[in-house]
Every structure is written in C-alpha cells, then in structure tokens.
Amino acid sequence: MVSEEEIRARLERAGQSHLLRFWAELEPAGRASLLSDLALLDPEELREHCQRAAKACAQVEGPVEGLDSRMKPVQPEFLGSVRKSDPQTLKRWEEEGFHQIAQNKVAVLLLAGGQGTRLGVTYPKGMYQVGLPSGKTLYELQAERIRRVEQLAGQRHNTSCTVPWYIMTSEFTLKPTVEFFKENNFFQLDPANVIMFEQRMLPAVNFNGQAILERKDKVAMAPDGNGGLYRALVDNGILGDMERRGVQYVHVYCVDNILVKMADPVFIGFCVLKGADCGAKVVEKAYPTEPVGVVCQVDGIYQVVEYSEVGLETVQRQDESGNLVFNAGNICNHFFTRSFLQTVTREFEPLLKSHVAIKKVPFVDEDGNLVKPLKPNGIKMEKFVFDVFQFSKNFVAFEVLREEEFSPLKNADTVNKDSPTTARQALLAQHYRWAVQAGAHFLDENGVRIPEQSSTVGTENPVLCEISPLVSYFGEGLEVYLKDEDIHSPFLLDEKKAKLLEKA
C-alpha cells in the first residue's frame, strides 16, 4: 500500500490535491479504498489527462476545415459486398473462413466495457433480454453462435475446433459478467476458452480541468472507450494468450448488436484472401443524414469520418447512378490479424486521438453533499477502436445487409430507435425470412395460412418465429426441419424441437 504522504505528493505534482480534501472525515476503510484507487494513477499521466480534457472540451466540435475536399470513398478493389457478389464468390470466401476456423486460427473479441445508461439498466448490456419467446439474453445468443460456428467448421473439415471468446469488460461490468457466465455454466462453452479481461479507467474531469470526486472516498472513473482495447491487450497479456493458442485472426465486435455473426466465416475468408491486416464491416446508410460515421479515405489513408465533421453537401453527395458517394456506415465490427494488433500495441497506441464525451457526472460539492447534475458537467475522454485503421498496410471494407447483420440495442423503449423493441423485431423478422426460405408455411389461430407478404418487420407482424443459433447459424440447413411444414405462431425452433421435426 502506497502511503498517504506519497499519494499527497503525487497529487500535488498532478495539480489534483483536491481529491483528498475530505480525508479527515473518512473512516479507515474509506481511506484505504481511496488510497488504493489513487495509487493506480500515474501523476504525470493524470496531469496530462486533466489538462487535455479541459483543452479538448474548450474547442468547439463541428465540421473540420478542409476535410470534405480531402475525402474519397472506399476504392472498389478494397470493398467486398454480400449484395453485389455472386454465389460462387461468397461460397469461396465462406469456405476459406471455415478452413481458418477449423485450424483454430480465429478468435472473437467482444467489447463490453460500457454501462447500459441509455438503456436504463444497472447491469451489463449482454445480460439484457429484449423479450424473445426463448427469453435469451444477448450473451446467450452470442455464445450459441460461437458453438454453432465451431460445429459447422468441425463438420466441414472433420475435426474438433475452438473459437476462443475474449471479453473486454470494465470496472463496472467485470464482476457481474463473470458471475452471470458462472451462473449459466458458460452457456455450455469451455470456461478455459472464455477469457475476460478489464480495460483501463480514466478519471472524469470538470470543465476547469479537475478530476471529479464521485464520493468523498472515490474518484469518478469511466472506461477509456472501446479504443482502450489496445492498452488492455497489453495490460492483460491477451496477445500472448492468442499466440499460445495459435490464433492469427481476430473478429472484434460490440456487445449490443443482436444480429452479429460471431466469427463470420464469409467476412473472415474475404479478409484472409485479400491479405488484409485490418477490415471493417459496413452497412449502407439508411438515409443521407443518418448520424453514423462513414469508412472512407482522407488523404489516401482509411479512417472513420463522423457525420458532424463534414458539411451537408458532402453527406448528400451522389455519384452518376444516384447512389451516395459516402455510404459505408461504420458498425463497429472489425477484422484484425494478430500481428497487426501486436504492431499497434507496440508502436501506434500512444498516437491514438482521445475523443471528448460531455456527460452528467454525479459529484460531491464543497460541503460534501452528493449532487446529481441536471445538465452535463463533466468530460470523459475516450479512444475509439476504429482509429487504428490509419496504421493498416492493407485495409479492406466489407458491406453487409443491415436487415441481416445490424440492429444495435442502445436506448430504452421510450426512444423509437435502437431499442429493445426494434432489436427484437429485427431478429424475429430475420428468422421468419429464414423459415419461409426453407419452405415453411405459417398458420393463424384458425389454421389458415398467413400470406407471406403480410409478415414484415413491425409491431403488427402476425408471425412470431425464433430459431435457436444452435439449430442454424445464419439460416443454413433449415429445409430438413421446415420444408412444407405448416407452423403455428408463435414458433420456437430449438434443438429439442428440431429433433422432433427431423424424425417426423
């Protein structure tokens, strides 16, 4: 334990002595806890962090001067597309992906350090149930997709294979996530292949450049953004673990996308055959002014440009065919080679830009009273996982269909976008499409067939159809169970039901 005197000296050097202003009032346990937290903060880094936060906040966010003229879209030779590729090409990519998975060369890495504040819950997002007939959580769906893709790769190559699951948590999400996985027996995955690790935390800072006290004995801390991944890989020896396992390719994704394809063999195969060291899945923007970042080139270097950084004319620019020029919406779904991650952590991580997030941060005032602010009062500094694109020697983008692969869960149902309802509808609509493509017919309560076109995404959808990832990873193989079957809604096709239908 570092002494009080040493901590005081460090805070003095950092210009943050106020963090001990309630020291005399603290009980021994509170003092020990505060010293323990402060001991983790390097004084020089703390001083720079607080100064940088205040300075960055003072700079007005908005369009970046000259950026519009320097932007170019992803070049066709570096862009793959599910929609525009012929079946033979897609099959070749998929076969290559399964080949790499079967050799134990592919891992998935989940970014799960954020709190579900906008969703309105006090537990990690992965534990959330969106109201599916099965009652499954996001974590369970993802675990089952991993199990299924392992099975498919193993069957194709007559082997037993493993896709390790690395889960980056934070101080807020580590303990509940570990406990949740234990309570659920790791969803039948081998616990040795589920590796949880913690990203760093950074102090929240007020507009005057002072770290905020959340309580008399606790500094307000926040995860360092999903770009904190690169320091966390080093802090926790993750790249060494990957190397010992023989992992060469890593599929990185965010926890909140209910449609995410774990270790997607088509995406993996495309990137490997292109010789890419870094890749990004993208979706076509829903409309020109959709507030999402776009993957593009700036001065010949790939990066994500945020909607707010460019002018309306650039956002709406069209080509000769009437398509948006900057149309590759970023969905935080990435491919990296392990060697690229090693290079980033060794050489480039310190060069990553810190981004400003202005938040409402609870704090104690000068009299020691807890204040829950009604308007933003604090700065949280974050790094973004995609800011490493610029260091890639062979970057590729891969366009997928939004309705098949992207429906994020960010807001409570009071917001009509990216909510539990929209996520649930997206998954059920997808599974309905799979069932119909496999030859199923749905019946209403009177036994009358429901016309196919009457079942679309939306609250009025008369059909509820859910298919377990353990039965089908992405719609494959369902003809065996569903061809020419008359099915009543709601319908849940799990492993048990699949066996009954197969026998029939």
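A: Strands here are DSSP runs of E, at least two residues, and helices are runs of H or I, at least four, numbered from the N terminus. This is a predicted model, where local features need pLDDT of at least 70, side-chain atom pairs count only at pLDDT 80 or more, and totals for chains, interfaces and linings use all residues. Residues are numbered from 1 along each chain as its sequence is written, and side-chain values use heavy atoms, with hydrogens and water left out.
Q: OK, which strand is asparagine 333 in?
A: Asparagine 333 sits in strand S15, residues 328-337.
Q: Buried or exposed?
A: Asparagine 333 counts as buried because its relative accessibility is 2% (buried is under 20%, exposed over 50%, partly exposed in between, 1.4 Å probe, protein chains only).
Q: What does its side chain make a polar contact with?
A: The side chain of histidine 251, at 2.6 Å. A polar contact is a pair of N or O atoms within 3.5 Å; within protein, one must be able to donate a hydrogen and the other to accept it, and residues adjacent in sequence count only if both atoms are side-chain atoms.
Q: Switching topic, what are the domains?
A: Domain 1 is 67-410 and domain 2 is 420-502, with bounds from an automatic or database domain assignment. Their C-alpha centres lie 29 Å apart.
Q: And how many salt bridges between domain 1 and domain 2?
A: The count is 2, a salt bridge being a side-chain nitrogen of Lys or Arg within 4 Å of a carboxyl oxygen of Asp or Glu.
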